[in-house]
Amino acid sequence: MSRFKRGGKSVDSRAGFKSDKEESPVPYGLLKTARKSGQLNLSGRGLTEVPQSVWRLNLDTPEEAQQNLSFGGADRWWEQTDLTKLLLSSNKLQVLSEDIRLLPALIFLDVHDNQFTSLPSSIGELENLQKLNLSHNKLKELPEELWNLKNLRSLHLQQNELEQIPEGVGRLSNLDDLDLSNNQLTTIPESLGNLRSLIKLNLSYNKLKCIPPGIHSMTSLKLLDCTHNQLESVPSSLAQMASLEQLYLRRNKLRYLPDFPSCKLLKELHVGYNQIEVLGPEHLKHLNSISVLELRDNKLKALPDEIALLEGLERLELSNNDISSLPYALGNLPKLKILALEGNPLRTLRRDLLTKGTQELLKYLRSRVQEPDGQCGERHETALTLPSEAKINVHAIKTLKTLDYSEKQEASIPDELFDTAVGDPVISVNFSKNQLAAVPARLIELKATVSDINLGFNKLTGIPLEFCMLQQLAHIDLRNNLLTSLPAELEALVKLRSIILSFNRFKTFPDVLYLIPTLETILISNNQVGVIDPHQLKHLEKLSTLDLQNNDIMQVPPELGNCTALRALMLDGNPFRNPRAAIVAKGTDAILEYLRSRIPA
């Protein structure tokens, strides 16, 4: 036995090799690195408390300074950097120490996914703090001192147990991102209207019965999410929010919509799962920029003819209402790609039409639109018959500014079609469902005006470099072709908002898409894409929809969770194991939250 008795006591023979200090839960090397970088990541370490050495990081003299050593240029402890970023997320912390005040240079503090029920008053002394993430805790109240953080720009308080927000929140004058979702809020303070720099406000999944009228004072607000509350109405002042681009009012108790006379920039209006009975002309006439109108699961009985005035509309969701007929003018909407109608008692449409998809339905509706003089039989006088026996719809070119030669199963587009369009400002081109092996060269003649091109369901194997000359393009549909790549020159399409590449042969995500910052929608499902670069994707700050379904993605990079602008991320049908199917089924927010939690320390 390796034990000796001295004075009747057992002595461990290894005692001379043991350190007198208990091993710290935070490795000293990590603290040493933090002094140089100004950043310390202690996420996911199972901490029940934060060691004092963390709070005193920039106060105490480091151990190496007390040793008789010669320092190289990289070890000059006296040249340390103040800690500006501290990550303590996904631990088991129940108390945040008052000693947080000892880190006054902090700019970014992340303590989400812990067990805090309260915060120290000294948090109000972090006068340089710009980003504060307190989400996924058990906070029931907030200290008054929190509202002293005048430089705070981002405050995340979602997934707590807050029942009220103090009026003091109105003092955070530089705040541009506030997330209060998934709490127990029944009211929000009128002072919230003082946040004139706020761009994003998330109030979803609370118990709000009303929104204070003063909210219209948020003159910079672009996104307002009030999903899943108990709202029975919205204040008329909401319609004065001139910067608003996205409004979510889903799953409430709304019976009517307000007018939106000042919301000229509103692009998305989501009001599904309410009790709205009427959609009138007054609700639509000011929605000049709307691209998504979601009204599913309401009690609508009809659509006004004025729906045809929404020329930028791309998605119209009307499922599960009481609509029995549709205005034929709906077929003239030049950009409409998704029209959801299931669950309505439509009596004027054949059931088989509803199963053929949006484009077939719109084509039918267009065929029923009366000519301006009311004489449907005179249509032959405004059409030219070509050798292929196809017809040029001059009415569509002149009135709708649309060049349509779809569903002809032709290998080329007749020159007569382009000749007819000379001198007319064509905005939309539809050459889908043909046998085109190459993009028609004469498309370039429309470069001054064309903003929407549909070349889907053809046999294209490549996109010519000249395509980049179409610099007014906002929407490109290239689905169901034979494409494997896109030319780098497409970076020149500085107005491009959406691109559809589904059902092609891409094995890699096209690099050029990372370089088009205006993109809002990328649909690239049913290809063979194996890898996504989340760091480059994050540069696409306007990207809200990304469809990657049915590809060959083996691993979903955790950093994809940092792409917080995404409102719709579709990943089904890929061979990855994580996130699990149960998480994917919960939707975009759950996926992004899971991915962020997996970002390595």
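These questions and answers walk through local features of a predicted model.

Visitor: Which residues does a cis peptide bond join?
Guide: Most peptide bonds are trans. Here omega is about 0 degrees. The bond joins Asn 578 and Pro 579.

Visitor: What is the phi of Glu 407?
Guide: Most residues other than glycine have a negative phi. Glu 407 lies in the loop between strand 18 (402-404) and helix 7 (415-421). Its phi is positive, near 60 degrees.

Visitor: Is Glu 407 buried, partly exposed or exposed?
Guide: Buried means under 20% relative accessible area, exposed over 50%, partly exposed in between (1.4 Å probe, protein chains only). Glu 407 has 28% relative accessibility, so the class is partly exposed.

Visitor: Where is Asn 550?
Guide: Asn 550 also has a positive phi, near 55 degrees. At 34% relative accessibility, Asn 550 is partly exposed. Its place is the loop between strand 24 (545-547) and strand 25.

Visitor: How far apart are the C-alpha atoms of Gly 124 and Trp 147?
Guide: Gly 124 sits in the loop between strand 5 (108-110) and strand 6 (131-133). Gly 124 is buried, at 14% relative accessible area. Trp 147 is 23 residues away along the chain. The C-alpha separation is 7.1 Å.

Visitor: How many aromatic pairs does the structure hold?
Guide: Rings of Phe, Tyr and Trp (its six-membered ring) pair if their centres lie within 6.5 Å; planes under 30 degrees apart count as stacked, over 60 as edge-to-face and the rest as tilted. Phe 418 and Phe 431 are edge-to-face, 6.0 Å centre to centre with 85 degrees between the planes. Phe 509 and Tyr 514 are tilted, at 5.0 Å and 35 degrees. The count is 2.

Visitor: Why does the pair of Phe 418 and Phe 431 tie together separate parts?
Guide: Both Phe 418 and Phe 431 are buried. Phe 418 lies in helix 7, whereas Phe 431 lies in the loop between strand 19 (428-430) and strand 20 (452-454), so the pair links parts whose separation in sequence is 13 residues.

Note on methods
Residues are numbered from 1 along each chain as its sequence is written. This is a predicted model: local features need pLDDT of at least 70, side-chain atom pairs count only at pLDDT 80 or more; totals for chains, interfaces and linings use all residues. Side-chain values use heavy atoms; hydrogens and water are left out. Helices (H or I, at least four residues) and strands (E, at least two) are DSSP runs, numbered from the N terminus.
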